[in-house]
Amino acid sequence: MKDVTVVSSLYNINRENLDGRKWEEYLEWFVKTLQVKAPMVVFVEEDMVDFVKDARGDRPTEVIPMPLEEIPYYHLKDEMDSVMNLKEYTDKVSDSKRIECKSSLYNIIQYSKFKWAEIAVEKNFFDSDYYLWMDAGLSRFFYDMDMDKNYPGENAKTQLELVDDKVLIQVFESFYPDLFNAKTLSEDYLLDNRSFVMGGMFGVGAAKIKELCSKVDEVLQLMLSKNIVNNEQIALGYLYKKYPDMFVEFINDARIHRSYELIVELSE
């Protein structure tokens, strides 16, 4: 397999005022995420370009400056805001105090990751045929991963080559067995707060990215048509059960909630 490209992004939406997570904290995480020894495409605002370049050093990198107002799903901001202001919505969605139930910008960024991955595939800066999305803050799950080794490791690249016609996701089995074992999920799940598919990291082959983006957009439009806004992990969980043949899952079995074991697994 050719080199795998990692795609990432970070935007300041003043999250500290929404759920307490500080921008400075994210910058610390992002610096370490940017140390991944792999070709990387990074989407940021103009004032973050030098930050990314400094952190990446001589690692192969393409930084794409993109104003917040031009990111892929920004055009849905007003519609999302309108939905989140409805009492009908706050009364029916699970845990309406979640950031994804309060901030349209948060959701816009979470859904834009799929389109950003598509842009990276289309540009194909590093002649890759497989792409890994990695949230900016995921370095907090690197644990003892050897940052001096090429990423992903040779064994992992061989395994990815076997699933390049699938979307690679990480799922929880032990925490949400009813969701994991369900044959299908009804549209009621779009109101749920239990994310059993993790959106912070996913893998996709170049031939599959357009289908993934189309399906994600399909679910997002379904949500909005029903006056629902929810995060991209809920959308992925719904899609995983609706189109199971589209995905291959890595099951988190360490019984540590929200731990991205897949990150370290792929370093091998």
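Let us begin with Phe-43, which lies in strand β2, residues 40-44; helices (H or I, at least four residues) and strands (E, at least two) are DSSP runs, numbered from the N terminus. This is a predicted model, in which local features need pLDDT of at least 70 and side-chain atom pairs count only at pLDDT 80 or more, while totals for chains, interfaces and linings use all residues. Residues are numbered from 1 along each chain as its sequence is written, and side-chain values use heavy atoms, with hydrogens and water left out.

Is Phe-43 buried or exposed? Phe-43 is buried, with a relative accessible area of 0%. Buried means under 20% relative accessible area, exposed over 50%, and partly exposed in between, with a 1.4 Å probe and protein chains only. Leaving aside neighbours within four places in sequence, Phe-43 is in contact (heavy atoms within 4.5 Å) with residues including Val-7, Leu-10, Ile-64 and Trp-116. Pro-65 is 22 residues from Phe-43 in sequence, yet the two C-alpha atoms are 5.9 Å apart in space.

I now turn to the sheet. Seven strands form an open sheet with mixed pairing, in the order β3-β2-β1-β4-β6-β5-β7. Because β3 (61-65) and β7 stand at the edges, each with a single partner strand, one side of each is left without a neighbour in the sheet. On average, neighbouring strands are turned by 20 degrees against each other, direction ignored; the axes are lines fitted to C-alpha atoms, for helices over the stretch in contact, and angles run from 0 to 180 degrees between N-to-C directions.

Which strands does β5 pair with? Two strands pair if DSSP finds at least two bridges between them. Strand β5 is joined to the antiparallel strand β6 (residues 197-205) by four bridges, with Gln-170 opposite Met-198. With β7 (residues 247-252), β5 pairs in the parallel sense over six bridges, and there Val-167 has Phe-247 as its bridge partner.

In a regular strand the side chains alternate between the two faces of the sheet. In β5, Val-167, Ile-169 and Val-171 on one side are buried, as are Leu-168, Gln-170 and Phe-172 on the other.

Finally, consider helix α9, residues 209-225. Its 17 residues reach 24 Å from first C-alpha to last, close to the 24 Å expected at 1.5 Å a residue; the expected span is 1.5 Å times one less than the number of residues. Among the buried residues of α9 are Leu-212, Val-216, Val-219 and Met-223. The elements covering the buried residues of α9 include α4, α6, β5, β6 and α10.
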